[in-house]
Amino acid sequence: MFGCLVAGRLVQTDPQQVAGDKFVFNLPDYENVNHVVVFMLGTVPFPAGMGGAVYFSFPDPVAGQVWQLLGFITNDKPSAIFKISQLKPGEGGEHPFGMMTVPQLASVAQVGVSIEPLEQLVQQTPVSGATVCAVDSFMQFTQKMLDSLYNFSSSFAVSQSQMTPNPSEMFIPASSILKWYENFQRRMAQNPHFWKT
């Protein structure tokens, strides 16, 4: 139902379900994370009148779990980018995770999604510093993601003379990745929301 993308490093699409309407993603090495993207996979929509409140929790063995509201996603707004690098441990307020014991490692933060009524979601105030990024930041994120994909795929490039025949492996010409990359950049420059249609 949900996915979580840690900018440029990790995509998770299998959250731990800790209650019927609550899900948790573990974020290892969270100290080096600036942004997270929480998104719907498109396989299962929210029930009518419902959405997902997105929370963040620092690991804190002394104070226990303190959850901070980042914002929300809905069927009409199926993804959101949140800046977590400026959040501070210990700040937080009421949250739907209650006193449930969500297993947590000392070096792993967590992102939680709680399914809640839409009228509740729009009345909640996210923690300061977790502002949902604007289009400029979204475009920056997309550019970094494109660069990462191109650089990663290019690192496997070999010339035809270096190729070892392997009938079970498919090869994609680097020029096709470059062409896709350039087309995507051009379309993003013309309309940052083109992918929604």
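Is Val-113 buried or exposed? Hi everyone, let's start there. At 0% relative accessibility, Val-113 counts as buried. By buried I mean under 20% relative accessible area; exposed is over 50%, and partly exposed is in between, with a 1.4 Å probe and protein chains only.

Before going on, a word on what we are looking at. This is a predicted model, in which local features need pLDDT of at least 70 and side-chain atom pairs count only at pLDDT 80 or more, while totals for chains, interfaces and linings use all residues. Residues are numbered from 1 along each chain as its sequence is written, and side-chain values use heavy atoms, with hydrogens and water left out.

Now the overall picture. The protein chain has 3 helices and 9 strands. Helices (H or I, at least four residues) and strands (E, at least two) are DSSP runs, numbered from the N terminus. Along the sequence, the pattern reads β-β-β-β-β-β-β-β-β-α-α-α. Of the 197 residues in the protein chain, 33% are buried. The chain exposes about 11,700 Å², and carbon and sulfur atoms supply 57% of that; the areas come from the Shrake-Rupley method with a 1.4 Å probe, and for residues only the protein chains shown count as cover.

Let's look at contacts, meaning heavy atoms within 4.5 Å. Among contacts in the protein chain with a separation of 6 or more, 74% are between residues 24 or more positions apart. Val-113, our opening residue, lies in strand E9, residues 108–117. Val-113 and Val-38 are 75 residues apart in sequence, yet their C-alpha atoms are 8.8 Å apart in space.

Next, please find strand E1, residues 2–6. Here 5 of its 5 residues are buried. Both faces are covered, with Phe-2, Cys-4 and Val-6 on one side and Gly-3 and Leu-5 on the other. Two strands pair if DSSP finds at least two bridges between them. Within this pair, Val-6 stands opposite Val-36, and Cys-4 has Val-38 as its bridge partner. E5 is mostly covered too, with 5 of its 6 residues buried. E5 also pairs with E8 in the antiparallel sense, over 5 bridges, and there Phe-39 stands opposite Ser-79.

What about the inside? A nonpolar core is a set of buried Ala, Val, Leu, Ile, Met, Phe, Trp, Tyr and Cys residues joined through side-chain atoms within 4.5 Å. The largest one has 26 residues, and those with the most contacts inside it are Phe-2, Leu-27, Phe-56, Ile-84 and Val-111. The elements giving two or more residues to this core are E1, E4 (22–28), E5, E6 (50–57), E7 (67–73), E8 (79–83) and E9. E9 gives the most, with 4 residues. Apart from this core lies another, of 6 residues, among them Tyr-55, Trp-67, Leu-69 and Leu-121.

Phe-2 is worth a stop on the tour. Leaving aside neighbours within four places in sequence, Phe-2 is in contact with residues including Phe-23, Phe-25, Phe-39, Phe-46 and Val-113.

On to the open sheet. Its 5 strands have the order E3-E4-E9-E6-E7, with antiparallel pairing. E3 (16–19) and E7 stand at the edges with a single partner strand each, so one side of each is left without a neighbour in the sheet. The twist averages 30° from one strand to the next, where axes are lines fitted to C-alpha atoms, for helices over the stretch in contact, and angles run from 0 to 180 degrees between N-to-C directions.

Gln-17 is found in E3, and its bridge partner in E4 is Phe-23. Beyond four places in sequence, Gln-17 is in contact with Lys-22 and Phe-23.

How many salt bridges does a search of the whole structure find? The search finds 1, where a salt bridge is a side-chain nitrogen of Lys or Arg within 4 Å of a carboxyl oxygen of Asp or Glu. Lys-22 forms a salt bridge with Asp-21, and the closest N and O atoms are 2.9 Å apart. Lys-22 counts as buried because its relative accessible area is 9%, whereas Asp-21, at 30%, is partly exposed.
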